[in-house]
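Here is a short report for a reader new to this structure. Please look over the sequence and the model before reading on.

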Amino acid sequence: MRGSSMTDIGEFNEKLVLQTIRSAPEGIGQSDVVRRSHLSRQAVSLITRRLLGDGLIEQAGRRISGPGKPHTLLRVVADARLAIGVHLDPAHITVVVCDLAARPVARATLEPPTEDPQADIARIADAIGALTRSLGARPSEPVEDPAERHERSEAQEALPAGRRLLGIGIAAPAGLDAEAGILRDPPWMPGWRDVPVVDALSAATGLPAMLDKDTNAALTGEIWSRHLDASQTVLYLYVGHGVGSAISANGRVHRGGSTQAGEVGHLPIGRAGEICSCGRAGCLSLYTDAHVLVGRARSLGVPLPAGDDMTAALTALSQAAEDGSDAARGVIADHGIALGAAVRLLAGIHDPRRIIIGGPTWPALSSVGTARVREALADWLIEDRAVLENSRLGDDGGAIGAASLFLDQELAPGTPGPSPF
Ligand SMILES: [Zn+2]
């Protein structure tokens, strides 16, 4: 699909070799690539020559280990390929350009989505154009015809700058059709109903694009940026306007039949009392949605800025807790207890080796909340049965994850995903 004449198995092997080299950022000898990839010495030799020719890898000095001749180390040229990540979040839109190691090399934060998706997409395309220009990659003119668009992006990829743009990954809240590239009815984004975001952004930028849920993107970003051991089952909790989960096994994120896996908002966490919009009591989202926290804090007299800006309100809540407000600490702790109950249920279902909590609002809540989740998971965290950690990707985790979706689709061996073409 990229003008390659390789057979499927050849392409798989090439991606496998690239992944093996990628997972050793400090450099790896060819014999170790053979051992870890289980490919023949001849195949690895052929493929590394091709990857060197493509500028995807480089020689990184020699290592002398024991008797015998020193061997040459190979490592990935991280900025040989770039991917763009767009995170559509109710609180803001983030655009990043990431290198092959999923490290952001340029970024921008834009105003939140409005009720005019067309104007929003134009703003995103402008930001992508500005960021890629700043990196020396020529942005394409908008094109309407898909065939011509494909030609243009091929042309862009042939730029001699040494930095090739692969395409755009878009991460958005649930209520989407990843296959068709359409946002159906994301919560808290009232203007975005049935928006063909993949086609629209692709037309506006001349680049291929793909769409996935923010939760799946965030977990893909963790796997990709940290080279997480593929044999580990990883459970990810995404804390944003709402709470969602994602699960990966064998290095692949499980998406379910319609990309709705991990919609845990109505998971019953065993509390009686308030009745949820779904008609039942004790749903997770009654205790963890951002607007619930903010409402509860306000009702307890914690001074928060007025208005719908959840980021500003949660930042103020977090600051109040840090300044010693018992009410603020109590509200955040209760969120942590509810989240912990849900994580315990999910751990029982998935038996993860690693549990990661992240998402846009978690940084504001984690200093109080992490201990509560840890208490709830006490049984799971003994004797290295599983580890619990906070995402280190920070506020840009969703956007870095979105870029990782595209890197993963293009460069990971055998990872099925929604095709952008
Ligand atoms: Zn419910």
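How closely do the axes of helix α9 and α11 come, and at what angle do they cross? The axes of α9 (residues 290-299) and α11 come within 9 Å and cross at roughly 150°. That makes α9 roughly antiparallel to α11.

## About the model

This is a predicted model: local features need pLDDT of at least 70, side-chain atom pairs count only at pLDDT 80 or more, and totals for chains, interfaces and linings use all residues. Residues are numbered from 1 along each chain as its sequence is written.

## Overall make-up

The protein has 13 helices and 15 strands. Helices (H or I, at least four residues) and strands (E, at least two) are DSSP runs, numbered from the N terminus. Of the 421 residues, 47% are buried. A residue is buried if 20 or more other C-beta atoms lie within 10 Å of its own, exposed if 12 or fewer, and partly exposed in between; C-beta atoms are placed from the backbone.

Residues 24 or more positions apart account for 62% of them. Two residues are in contact if their C-beta atoms, placed from the backbone, lie within 7 Å.

## The nonpolar core

The largest nonpolar core has 119 residues. Such a core is a set of buried Ala, Val, Leu, Ile, Met, Phe, Trp, Tyr and Cys residues joined through C-beta atoms within 7 Å. The largest share of this core, 10 residues, comes from helix α11 (residues 326-350).

Val86, Val95, Ile170, Leu201, Leu317, Ala342 and Ala403 have the most contacts inside the core. Ala342 is in contact with Val264, Leu267, Ile269 and Leu284, leaving aside its neighbours within four places in sequence.

## Helix α11 and its partners

Return to the pair in the opening question. α9 passes α11 in a right-handed crossing. Leu293, Arg296 and Ala297 of α9 make the contact with Ala327, Ala328, Val331 and His335 of α11. A crossing is left-handed if the near helix is turned anticlockwise from the far one by less than a right angle, and right-handed if clockwise. Axes are lines fitted to C-alpha atoms, for helices over the stretch in contact, and angles run from 0 to 180 degrees between N-to-C directions.

Helix α12 (residues 362-376) is another partner of α11: their axes come within 7 Å and cross at roughly 40°. That makes α11 oblique to α12. Angles under 35 degrees count as roughly parallel, over 145 as roughly antiparallel, 65 to 115 as roughly perpendicular and the rest as oblique. The crossing of α11 and α12 is right-handed.

## Ile337

Ile337 sits in helix α11. With 17 C-beta neighbours inside 10 Å, Ile337 counts as partly exposed. Leaving aside neighbours within four places in sequence, Ile337 is in contact with Arg372 and Ala376. The C-alpha atoms of Ile337 and Val373 are separated by 6.1 Å, though the two are 36 residues apart along the chain.

## The five-stranded sheet

Five strands form an open sheet in the order β13-β12-β11-β14-β15, with mixed pairing. β13 (252-253) and β15 (387-390) stand at the edges, each with a single partner strand, so one side of each is left without a neighbour in the sheet. Two strands pair if DSSP finds at least two bridges between them. α11 lies across β11, β12 (243-249) and β14, running at about 155° to β11.

Is β11 enclosed or open? Six of the six residues of β11 are buried, so β11 is largely enclosed by the rest of the structure. Val234, Tyr236 and Tyr238 point one way from the strand, and Leu235, Leu237 and Val239 the other way. In a regular strand the side chains alternate between the two faces of the sheet.

Strand β11 (residues 234-239) runs parallel to strand β14 (residues 354-358), joined by five bridges. Leu235 has Ile355 as its bridge partner in β14. Tyr238 stands opposite Gly358. With β12, β11 pairs in the antiparallel sense over six bridges. These two strands form a hairpin with three residues between them.

## The three-stranded sheet

An open sheet of three strands has the order β1-β3-β2, with antiparallel pairing. β2 and strand β3 (residues 71-76) pair over five bridges. Arg62 has Thr72 as its bridge partner in β3.
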